[in-house]
Amino acid sequence: MPLRPDPFSVAHLALAAQAGAGAQVLHVVLGDQLNQQHSWFRATQSGAVYLLAEARSETDYARHHIQKVVGFFLAMRAFAHQLAAAGHRVVYVPLDDPANQGSLAANIEHVAAALGVAEIVYQQPDEYRVDQAMVALAQRQAARGVAVSFCDSEHFLCSRNAVREQFAGKRQYLMETFYRAMRVRHGLLMDPADGTAPLGGRWNYDAENRKKLPPSVALPPLPAFRHDATALVQMLTQQGVQTMGRLDPAEFSLPVTREECLQLLDHFVHQALPAFGTYEDAMTRRDGTLFHSRLSFALNTKLLSPLEVVQAAIAHALAHPEIVSLSQIEGFVRQIVGWREYMRGLYWAEMPSFATRNYFNHVAELPAWYWTGEVKMACLHHAVNHSLDHAYAHHIQRLMVTGAFGLMLGVHPDAMDAWYLGVYIDALEWVEITNTRGMSQFADGGIVGTKPYLGTANYIHKMSDYCDGCAYDRTIRYGTGADGRPACPFNSLYWDFYLRHEGLLRKNPRIGMMYPLLDKMTTEEKGRIREQAAAYQARVEEL
């Protein structure tokens, strides 16, 4: 696709405010609600005006990756244009508009007052922070005689309360139970002869989705959607928006329209899905995407719906069973229909207290190289720098490399949350915090996952090519190897973590052989491990 300028024109959409005279209802469209299929847009409404607003409350609540801010703003601007082209009346408030009020809520109230509307309607937000802001807005507007109501975003496959309701009275949430119920409810990969039985006789092929990527396997290149974001980046700089990460503003390459996202879906289905499940957990220096779809931004902005995504993948798989096995397609369906929907349900079942949980009472700071990529450990160097370069890393890099290392270091969950929420283009709190504070950091004490997820260098070596040529020796726990390389920090920090938290973890049935193995170690061995771990923690910025 050739380079093309930013299609947004402030002057063009600013005229919509004048056209808003006589408006009766203001429809608020949030930046992660770009759903062209929503019932709002099926017909033009003479008394309705649609509002999209860029706001400092959204750019500043976390230090976001520059590609994340640019991606959301480009997608919002393109969506506003499409609404206007379809005959809808649109008011768009760019960040540098002199009338911009700074916060999302203030912009809504300002535009509502300017247009003199009698009613404000919004789609139910997915983030607790925004939801509370809209509840407060409704209370203020009620005092002024303006009615405020909300409707469903018409995106997810179940309600925000589905997990809480399904597991009411139960001691624990179980994703597998939820996942199977979702499969049955929506008829996804079900036996046509028995709508309650899984196609192929198995619900889950996770055990077959853990293979290392052989050097001989070619990786499909991602399609590039080239957008020149130079003017937008200049505006963000002039406005003083603080960001992280890297971007060539003339080469923003991610899809920001529904049409582009559908192209990316088609690419995944035809080029990556046939090997997705097999190498779902693999990592390689060759690439950070492998066979993953990269559709999370499209889904989380609601440019695509989860149902259309999984239905497209399933249709292709069933039409080509000789190319796409059940283990490939099931792994993908589980990510979207199982894990993604489950995380949202857990979020609404446990917020706001979930955001304060710190089961291990960790207090350490996040190493500065998470923000710069200047680290010698090959696995972390690749995972962090790929995140900074692309605002993306796949789930095993997030869980077993950057997340596991932060957990073993004892980093405060707030610091881990801040980094994950900022660095990834697909990160919205409803999906980020449950994965980070819950699954990755076990700060919730076992609500999301049943055990801490971490591993030694042996796991990294098993699932990647990172250890080859690394500055650290993966085979030893402490000291230096025969070639003079120091021991991989993952090894001593791993065992030290279990020693530090024995009181909280020894009785956990999912820990397995960790404590029996520790019991077999000599006091001297444990001492050397602890000494090495302490040395690495003391000079973590030098790793």
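Colleague: How do the residues lining the largest cavity divide into nonpolar, polar and charged?

Modeller: In this predicted model, the lining of the largest cavity divides into 13 nonpolar residues, four polar ones and seven charged ones.

Colleague: And what volume does the largest cavity have?

Modeller: Its volume comes to about 370 Å³, and the structure holds three cavities of 30 Å³ or more.

Colleague: Which residues lie nearest the centre of the largest cavity?

Modeller: Of the 24 residues that line the largest cavity, those nearest its centre are G31, D32, E58, F72 and L428. The elements that give two or more residues to this lining are α2 (56–60), α3 (66–85) and α5 (128–143).

Colleague: Which element gives the most to that lining?

Modeller: That is α3, which gives five residues to the lining of the largest cavity.

Colleague: Let's stay on α3, then. Is it mostly covered or mostly uncovered?

Modeller: Helix α3 is mostly covered, since 17 of its 20 residues count as buried, that is, they have under 20% relative accessible area.

Colleague: How far does α3 reach from its first C-alpha to its last?

Modeller: The 20 residues of α3 reach 29 Å, which is close to the 28 Å expected at 1.5 Å a residue. After the helix comes G87, whose phi is positive, near 100 degrees.

Colleague: Changing topic, which way do the residues of strand β1 point?

Modeller: In β1 (residues 25–28), V25 and H27 point one way whereas L26 and V28 point the other way, and all of them are buried. In a regular strand, side chains alternate between the two faces of the sheet.

Colleague: In what sense does β1 pair with β2?

Modeller: Strands β1 and β2 (residues 48–53) pair in the parallel sense over four bridges, with L26 standing opposite V49 in β2.

Colleague: What about β1 and β4, and what stands opposite V28?

Modeller: The pairing of β1 with β4 (residues 119–123) is in the parallel sense and runs over four bridges, and the residue opposite V28 is Y122 in β4.

Note on methods:
Residues numbered from 1 in each chain as written. Predicted model: local features only at pLDDT ≥ 70, side-chain atom pairs only at ≥ 80, totals over all residues. Heavy atoms only, no water. 1 Å grid on protein atoms, 1.4 Å probe; cavity = no way out; pocket = protein on both sides within 12 Å on 5 of 7 lines; lining within 4 Å. Points joined across faces, edges and corners; volume = space filled by probe spheres on them. Nonpolar A, V, L, I, M, F, W, Y, C, P; charged D, E, K, R; others polar. Buried < 20%, exposed > 50% of the residue type's maximum accessible area, 1.4 Å probe, protein only. Pairing = 2+ DSSP bridges. Expected span 1.5 Å × (residues − 1).
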